[in-house]
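Here is a briefing on one chain, for reading beside the coordinates.

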Amino acid sequence: MKKISRRITIITNACLFLLIVGVFMVGFVPERVVPINGGKEIGAIYNGNREKRNVSIMINVYENTKVVNGILDVLSEKGAKATFFVGGCWADDNQTTLIRIVNEGHEIANHGYFHKDHAKLDVKGNEQEISLTGTVVESLSGVRPTLFAPPSGSFSNTTLEVAYNLGYKVIMWSKDTIDWRDSDKTTIFNRATKNLTNGDFILMHPKAHTLSVLPKIIDFYKANGYDLVTVSESIGENGE
């Protein structure tokens, strides 16, 4: 009888553990797909074309204009392209750098105006953050962005629907250097290059330590046969 009781306890505890893990995963994995417009499914894009030997550097910009220009210097020297997801409040004060990004063949994209948590915003809040940034960027650079990267990677189904209605694709990443938190150059290099795969989106920020290791990262990509293209080039017209 004791053996049966013990066995039941073990099974019960195992089931409870699996239930807790399941709830945890549901709570922390971002929503990827939402039905819209009569059944059409839209979702965030985490990588580009896996069939082509391309990678895309994504720079999320809210600060450090001097470093942004240093990154542009490196990209120019290396003959590489990147996508700059700019915050609207930063763009407002940095028209010269915005125009430089465009003139040197890089892509400007939308990163919201005030770096808010879009998962916590309602329809109006999402619309204001995304739409205002798009308007500012277009008025200052002459280019209307078509990609939106939610700050901190936080978004909801509402974000997906609002972005879609405003003409944006929601972009995430497949590799994160976490350079906003960690400054060790070797760590950043390893995160940007380990297990590299066709179509990877590599997330970076305009930090001095990132700038210092960027030439080495780009050299690694090229030595391994990867072209550095913008996010839009990588996903193609169909967003795949």
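Buried means under 20% relative accessible area, exposed means over 50%, and partly exposed lies in between. By that scale Asn64, with a relative accessible area of 33%, is partly exposed. The model is predicted.

- Strand β3 (residues 54–61) runs parallel to β9, and five bridges join the two.
- Met58 has Leu203 in β9 as its bridge partner.
- Strand β8 (residues 175–176) also pairs with β9 in the parallel sense, over two bridges.
- Asp176 stands opposite Leu203 in β9.
- From β8 the chain passes through helix α7 (residues 185–193) to reach β9, and this β-α-β crossover is right-handed.

**Nonpolar cores**

- The largest nonpolar core holds 36 residues.
- Its residues with the most contacts inside the core are Ile57, Phe84, Val86, Met204, Ile217, Ile218 and Tyr221.
- Helix α2 (residues 65–78) supplies the largest share of this core, with six residues.
- Which residues does Phe84 contact, leaving aside its neighbours within four places in sequence? They include Ile59, Val61, Val68, Ile71, Leu72 and Leu75. Also among them are Ile101, His106, Glu107, Ile108 and Ala109.
- A second, separate core has 12 residues, including Ile42, Ile130, Ala163 and Tyr168.

**Aromatic pairs**

- The count of aromatic pairs is two.
- Tyr113 and Phe114 have ring centres 4.6 Å apart and planes at 80°, so this pair is edge-to-face. The cut-off for that class is over 60 degrees between planes.
- Is Tyr113 buried or exposed? Tyr113 is buried, because its relative accessible area is 10%.
- Phe114 has 52% relative accessibility, so it counts as exposed.
- Phe189 and Phe220 also form an edge-to-face pair, at 5.8 Å centre to centre with 85° between the planes.
- Phe189 lies in helix α7 and Phe220 in helix α8 (residues 208–223), so the pair ties together parts that are 31 residues apart in sequence.
- Phe189 counts as buried at 12% relative accessibility. Phe220 is partly exposed, with a relative accessible area of 27%.

**Charges over rings**

- Arg53 lies over the face of Tyr226, at 4.1 Å from the ring centre.
- Arg144 lies over the face of Tyr168, at 5.2 Å from the ring centre. Tyr168 is one of the residues in the second core.

- Asn64 has a positive phi near 55°, although it is a residue other than glycine.
- Where is Asn64 placed? Asn64 is in the loop between β3 and α2.
- Asn195 is not a glycine either, and its phi is positive at about 55°.
- Asn195 is found in the loop between α7 and β9.
- At 62% relative accessibility, Asn195 counts as exposed, whereas Asn64 is partly exposed.

Definitions and conventions
Residues are numbered from 1 along each chain as its sequence is written. This is a predicted model: local features need pLDDT of at least 70, side-chain atom pairs count only at pLDDT 80 or more; totals for chains, interfaces and linings use all residues. Side-chain values use heavy atoms; hydrogens and water are left out. Two strands pair if DSSP finds at least two bridges between them. Helices (H or I, at least four residues) and strands (E, at least two) are DSSP runs, numbered from the N terminus. A crossover is right-handed if, with the strands pointing away from the viewer, the path from the first strand over the helix to the second runs clockwise. A nonpolar core is a set of buried Ala, Val, Leu, Ile, Met, Phe, Trp, Tyr and Cys residues joined through side-chain atoms within 4.5 Å. Buried means under 20% relative accessible area, exposed over 50%, partly exposed in between (1.4 Å probe, protein chains only). Contact means heavy atoms within 4.5 Å. Rings of Phe, Tyr and Trp (its six-membered ring) pair if their centres lie within 6.5 Å; planes under 30 degrees apart count as stacked, over 60 as edge-to-face and the rest as tilted. A charge sits over a ring if NZ of Lys or CZ of Arg is within 6 Å of the ring centre and within 35 degrees of the ring normal.
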